[in-house]
Each structure stands twice: as structure tokens, then as C-alpha cells.
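Welcome, and please open your viewer. Could you walk me through this structure, showing what to select next and what is there?

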Protein chains: 2
Amino acid sequence: MKDLTMLTDLYQLTMMNGYLRCGREKDVAVFDLFFRKNAVITYSVAAGLEQAIDYITHIGFTPSDIEYLRSLRLFDETFLRYLEKFRFTGDVYAVPEGTLVFPEEPIITVRAPICEAQFLETALLNVVNHATLIATKASKVAYAAGEDSVMEFGLRRAQGPDAGLYGARAAIIGGCSSTSNVLAGKLFGIPVAGTHAHSWVMNFPSEYEAFRAYAEIYPDACLLLVDTYDTLKSGVPNAIRVFDELRAAGHEPKGIRLDSGDLAYLSKKARRMLDEAGYPDAIICASGDLDEKLIASLKSQGAKIDLWGVGTKLITSSDLPALGGVYKLAALYPAEGGEINKIKLSDNSDKITNPAFKEVFRIYDKESGKAEADLICLKGEEIDEREPLTIFHPKDTWKRTTFTNYTVRRLSRKVIEGGKPVAPSPSLAEVCAYAEREKQSFWDEYKRLDNPHIYKVDLSEKLYNVKNEMISEIRNKNV
Amino acid sequence: MKDLTMLTDLYQLTMMNGYLRCGREKDVAVFDLFFRKNAVITYSVAAGLEQAIDYITHIGFTPSDIEYLRSLRLFDETFLRYLEKFRFTGDVYAVPEGTLVFPEEPIITVRAPICEAQFLETALLNVVNHATLIATKASKVAYAAGEDSVMEFGLRRAQGPDAGLYGARAAIIGGCSSTSNVLAGKLFGIPVAGTHAHSWVMNFPSEYEAFRAYAEIYPDACLLLVDTYDTLKSGVPNAIRVFDELRAAGHEPKGIRLDSGDLAYLSKKARRMLDEAGYPDAIICASGDLDEKLIASLKSQGAKIDLWGVGTKLITSSDLPALGGVYKLAALYPAEGGEINKIKLSDNSDKITNPAFKEVFRIYDKESGKAEADLICLKGEEIDEREPLTIFHPKDTWKRTTFTNYTVRRLSRKVIEGGKPVAPSPSLAEVCAYAEREKQSFWDEYKRLDNPHIYKVDLSEKLYNVKNEMISEIRNKNV
């Protein structure tokens, strides 16, 4: 992976220089990376952790980086010498990639000397925001497609090379089964797929000749794009003519692809034509500005589509092109001792942060195995599964739920200790298997596309008290 | 720049293998890269060309790429050996970065052996789509800001590292004046800016102490974020107290930043407080979910803001996160001789492509120097500026305009010849100066945010005739 050290906002460096100048560099800070509530997304599929760990454990300024920073005339030599040896030496806790996470829940928690913890903010947000955004969008598309497969092929519309590459990986974590992206195939072992474009057909004197040439070269992978001229009058009949020749030569065709027009109508007609011609196993692949809503609508209309090719709207998460993740200070451990919890207030109560070093428990119903609620706790709190557990809504505190037959699971684990990875990252296949189990552990009510149930994310009584005491104290002091 | 060779869709490779197997590799194809009409964008600011040229002139498969492709079991050894030596050997024509372009107009035209021309599609679209999208969005933001400066600081919300890096460059071409992105500063020489975050303030016992510490370290670059606790009751008064101390020590403050709340109200109040305290030159910087519409609205309310910090909505082009550029076959020169123009039909007449090898002329009024219309012509057509020039609407052909006192300019130039760059790319400063002249050469009517005038893009009579004859011919043959 490439070096992301300089991929930072200038103010991280001005603040680091500031902490150093104030003699604060031995203070230890805790920051949480999390997402806030928003109208489009009720849950997220965490992704980007492998890239994030790689980034954190390879931070290092090169001599040319230092030279550039010197040229800005903002920093003194003490700071530049400090940067020459700058490494990350702290601890990082994170939920595994593929975990379903909810607003307010720390996806990553960093505990490190203040300059190091502060420095991570920009690149960490960049990487985790993007991957989580696309994995989340892909999970919705895959949810809409149900048992059908989804192929990601948005590279040409992705916001730059990395967006295509890491977007393809995130899409697989979210539930896609293949990509058109050859580099993603090579680097991440993702199955790659793709056949031909309209230009192939246009480059032959006729559609039939184009199909025949393609079938001769790929007799066992023959999937033909049938909408260059007229899908039902020309494309499908020409495809069937070539399929007959293929079969006569001892091969079975793969199927056809529709890329325009009324996909519900065309797929039903094409299905019947293929069936009647003796090709019930030939698949129909559909593409063309698809997203989860259009797929759900087409399926509800009885469209006969086996494979969905999804491009622009998935790879850019077009209805919400940024997840809005933030990285907020939660606690400070001054070098001279003690612990100071930190909170960011706002007139908008959804934007008030949760203070202190925390972790999240997920509560499962023992019988169904399904997730029932999450509880954000102070680090070190324990839950005894033999005792009933009562949780309450963090605003409407009269809304209470008591669990008696339950298990709990800690969502995050330590992934970096003293600057070193705790364990190798899981393979992408392992991440996908875990992500699938995660999705299965939630009732459909939380995942459905329209008006999903809002999943409970409550604060432990201890955390609730810490938070509300801090709010009162600050308001009394400042106003 | 990193190697983008493998950043391609699999079907480019399956088609190339197909052309090779059909003995077609010596046919020469012409492809156009252009944008279609869409509801959000009436003009685009072309960008990404430098990166595109770098990509095209450095294509090359490594042994490990070949090994990976062999493992797919799709390709024979003849094709893999062909890829080992694969280079781009053709010609590329492009409009300079910063050119204002309109739907249908070729931004890039590739003329090369068919496999090479086909291969470029994915990465070229990826790079040019993204950069042009962000440059265009930035031009709207800069238009709304008028004489005020705009700082780009969306890195943390960009769709991956490249989106942040190349997005920052594109934002500068579009009209931003600085970025928070340190890597973009280093690589592209863009001015970098930034001061401190809320976490800086939260890390001190009080806001005043945080401000004082910052001012001591950066006495000549002291811009303070004043909304951590309460902008008007705490932030601005504390800033003024520190500014007084700064001035007493012989320094002048830079200003303040507002990052939340009602920016119109707060900026007017803060302006008055700063003025009354003797700081009329202290600037007010505003940020917080800004885009061109919000900036225009705030300015119309008389907000007193000097510098606009724009993040998420610019770096993701949130209202249109993909420009939908396409790369379409326009002509074919078979190895055995001749020229075959190519057209892609569609039921949607906006999606019918313009056939043939083409170029675009821009027509300027000689008196005002302003652009009046563009004319897409067959390559080789000439316009004699001494003769009157009549153009007509490509659908409503009765809409005609005649120019008598005009000059014309060819929009594109050859940038790659025989696989080699024709000239070094201009510096970013040169690109920005050109982009600014481009913007100035259009009346505001075409650039305004609401209901802009639609700029005329017509076809020359020759191209119009070629196109319509092809449409008639194909419809007679196929239906």
C-alpha cells in the first residue's frame, strides 16, 4: 500500500507543533471514530480497517516531506526533527471489518500520546469513511437483490483510482460477489467478471457477426450484450442463433445482458424467448443505472434477472456520497497523572459526544441468536449474563427494556498495541464470511429499505451519569 | 504517479483478446470521451488531463500482472505475450485543463490501433470523470463566493486517498485558492492552510488558555476557532482578549473561524465585535456543510464572511457524485483501407452519439471577446472568419444564428503523438490562469447557479448530414 503519511490536514501538524511547544507531548489522549445519525443510513457495515492498520503502522515522514514542511515557514527545527522520528506508538481498538455498527458507536478508538492520536485523524477518517460508506451501500444493494448475485462495475465512474480499487473491496464486504476491476481482482483476490461492450458489436459489420466472433473465442463463457440495436427484434434472436451454433459445437451458452430500456418488460420477454429456444439455464444479467431501490422495484414487478450489474450509484454511494464520520476527543490522561473525560457540546443534542474511554457490548437474545440492542459502556464495565440486564433510552429514559435470557459480545478488540499490529488482518474471504454472519444476526426489520426499525443503542448507567454530570458542569461554568 | 495499467475493467481485456484473435489488431479506431446532458451541470471545467497523459504514456503490464491474468484461464499465451509488450502507440487530442466544455463535446479523442484505443477507456474515464466533476463543482462554489476566497478542506470525507489528493488539485483548477491537504500542497504546489480544531480548545483547561497558547506559537498566523463553547458569549470575547495581548506584543491577528450555528447572524455580530474592538482587518472564515447554494444564500443575507472553507460537499460533489462521462467509438479505419463512421443509437435521442473523427470550434464575438456558441465539425473542416457563419440547432433546425463579426478557436490540440507526449504539461499555475480566462470569456448568464442560459452547441452542416444519413440507414436496415 502506498504511504499516506502526508495525506493529512495542515492543522493536524500545527496542533502537534503546538502540543510539543506546550510540553504536552507526553499527555495521552483517547479519540473515537464514529458516525452520527443521518437520514439515509440507519446502520453501517464497518470497513477499511485493514488499510487503516497498514497506514497507522507505516507512518513515517521522508526527508523530502520534511523539506517541504520546512518550506512552509510555519514550523521550527525542533518540531521538524521530532517529525523525522515520528512513529505511532499507541494502542488502537476497532470493530472487525464487516461488523454492523450504529450511530455514536466507536468503530475505532485510539489511545496514544496526544500528537500521535491527533495526527491519525485525517487519513483514518478518509479511509474508514470511504470504505464503510461503500460497504454499507453495497449491503443495501445486496439486500434488495436477495438470492441473486450482484456484480460491482463502477470503476469508470468512481471518484479516482483508489475509490474504484478500495470501493470494489468494500463492495465485496457489503455483499457483492464479483467486480469488473482487474486490479482489485489481482490485489484482493476478488472474482473478476465481464464480457464485452457495445463498441464490440459496433466494430463488426453486423450484430450476428459480432456475437459469433465472441462465441468462437469464449465458447464456455459466452454472455452476450443484446441491446446495441434492438433487444427483442435483433439482440435476443441473434444471441439464440449463436447459442444454437455453440450447442451444435458442444458448448453451453452463459446468457445475455440487458443494459437499457424497460428491464422488467425486456427481461420477461427475453426469458420466454430463451426458454422457448431451449436455453432455460442461460442467465439474464441486467445493468443500467441500478441501485437498491430500482432492483427492489424490478423484482416486485417480476423481472426475470439472475445477475445485477451495479455501477455508478454503488461505487459513489450516490444518494449519500459521504458518511460523515468524525473523530472526537473522549479522554485525556495528563503526563502528571489522572484522567480527564472530554465532551463536545452542541446546540444540537445529536452532536454532543459521548465522553470517556468506552467500549460497546452487543446484546443477543439467547433463543433466536439475534441482536437485540447495543450498550455503550465505560471501558472496564462488565456485564454478568446470569443477571437480568436493564437498559434505557438515552433521552427518553422512561423507555426501559430488561433482558433475562441473553448473551453479550464485545464489539471491538485491540488491533494495534504499542504501535504494532496485534495479529495479521483476516483474509477478505474471512471478512466476508463474518460480514454475512453479522447480517444474519439482525432481523430483517432493521435492514429493510423502507422505514427500517431503529436499532437500540443505549448508554450504560455509569456512562449516562458521567455524560450528564459533565454537561451540567460545563453549562453552569460557561453560561 | 502510480501505475494504473491494471486499473481496468475485465471486458477491455476480453475484447482486446477478441480483436487480436479476429486478426483486427491493425484496424485503427477513434473514440471520443465526452459528457452527456444532465440536470445538474450545464457546463464542465475539464480537468485530469495531466494525470491522463501520464497514465497513457506509462502503460505497461508487469510480469506479476501477466501471471495474474494467466491465472484467470480466460486468455491464451499469444494474448499474454502481446500484453507483455503492450504500449500505447497512437494519438490523443484533448482540450486543455481548465477549458469550459459542454455536453456532447469531445474532451479527449483517441485515435489508435483498436486494442490500444479500447484499452484506455476505463482508466481514462475514471481519472477525467473525477477531476472534471470536482473542478466543475469548485467552479460553482467559487462563483457563489465571488470576490471572497475559498479553501478546500474535504480530505477526511473524500472517497479515498486519491479522491482527496486529485480532488484538491481539481478544486484549485475550478477556482479554490488553498487546500488543507498537505500532500496536495507538496505534490502540486498548492497553498496549504489550516489552524486548529475543537480538540485543541478542549485539550486546555479553558478556551482562553487554548487561544493564548495558540497565539504564542503562531503570533503572525493567529486564526482562532471560536465556536467550541459559545461563539458570541465566549469564543469571540476570548479571541479579542488574546488579540489585544498579541497586538501589545507587536503582532496583528489573522482572524476567527465560525464552524457552526447561523453563519449569517453570527458573522454579522462577530464582525461588529471585532470592528468595535479595533480589529477591522481581522478576517472571518466560515465553514460547516457549505456548498454554492448556501454560500449564495448567506451572501444574500449580508453575512460578513471573507474566507469560505468548503469540505464534504465540494470534495464529493454531493449533489452529483458522478459526471457520467462516456467513451464512445466514433470511427474505424480498417487495416485494409477506408473509413467507417460509427454511431450508437438509442431510443433516447440525447444518447445517440455523434459519429466520425471530429473537432470543436468555439465562436467568439469580436467586440466583447465573449464566447457565443460552439460548433462540432468533422476533422479537417475549416472556418473562414472573413465569411459570415450560420449555425443551426441540431434538433430544431429552424433555429439559426448568423455571425459576421467573430473569431473562432479550436478547443482541442494534439497532446500525444505516436504514444509520446507532444509537450510537457503546463504548470498548475498556468492551468489556473487559463481556467480563469476561460471563465471570464463566458457571460454570467451561462454560469449563474439558478436557471442558467443553455449555451449553444451545434453541429456543422457536414457533420449533421453524416449523422442523419447514418441514422436513416441503420433504421432502414434493422427495423
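**Stop 1: the whole chain**

Keep in mind that you are looking at a predicted model. Select chain A and colour it by secondary structure: there are 17 helices and 21 strands to find. Now show the surface. Of the 479 residues in chain A, 61% count as buried. Among contacts in chain A with a separation of 6 or more, 73% come from residues 24 or more positions apart.

**Stop 2: two annotated regions**

Next, select residues 6–129 of chain A. The unreviewed UniProt entry annotates this stretch as "domain: Nicotinate phosphoribosyltransferase N-terminal".

Then select residues 150–353 of chain A, in another colour if you like. The unreviewed UniProt entry gives this stretch the feature "domain: Nicotinate/nicotinamide phosphoribosyltransferase". This region is 40% helix and 15% strand, with its end C-alpha atoms 37 Å apart.

**Stop 3: a pair of helices**

Two packed helices are described by the angle between their axes and the distance between the axes. To try this out, select helix α1 (residues 10–21) and helix α4 (residues 77–84) of chain A. Their axes come within 10 Å and cross at roughly 105°. An angle of 65 to 115 degrees counts as roughly perpendicular, so α1(A) and α4(A) are roughly perpendicular to each other.

Which residues in α1(A) and α4(A) meet? Show side chains for L13(A), M16(A), N17(A) and L20(A) in α1(A), and for F79(A), Y82(A) and L83(A) in α4(A), and you have the contact in view. Six of the residues in this contact are nonpolar, one is polar and none is charged.

**Stop 4: the cysteines**

How many disulfides does the structure hold? Over all chains, the number is zero. Select C176(A) and C432(A) to look at one case. The closest cysteine sulfur to that of C176(A) is in C432(A), 9.8 Å away, which is too far for a bond, because a disulfide needs the two sulfur atoms within 2.5 Å.

Is C176(A) buried or exposed? With 5% relative accessibility, C176(A) counts as buried. Finish by selecting C377(A), which is also buried, with a relative accessible area of 1%.

Note on methods
Residues are numbered from 1 along each chain as its sequence is written. Chains are lettered from A and ligands numbered from 1 in the order in which they are written. This is a predicted model: local features need pLDDT of at least 70, side-chain atom pairs count only at pLDDT 80 or more; totals for chains, interfaces and linings use all residues. Side-chain values use heavy atoms; hydrogens and water are left out. UniProt positions are given in the numbering used here, feature names are shortened, and annotations may be inferred rather than shown by experiment. Buried means under 20% relative accessible area, exposed over 50%, partly exposed in between (1.4 Å probe, protein chains only). Axes are lines fitted to C-alpha atoms, for helices over the stretch in contact, and angles run from 0 to 180 degrees between N-to-C directions. Helices (H or I, at least four residues) and strands (E, at least two) are DSSP runs, numbered from the N terminus. Angles under 35 degrees count as roughly parallel, over 145 as roughly antiparallel, 65 to 115 as roughly perpendicular and the rest as oblique. Contact means heavy atoms within 4.5 Å. Ala, Val, Leu, Ile, Met, Phe, Trp, Tyr, Cys and Pro count as nonpolar, Asp, Glu, Lys and Arg as charged, and the others, Gly among them, as polar.
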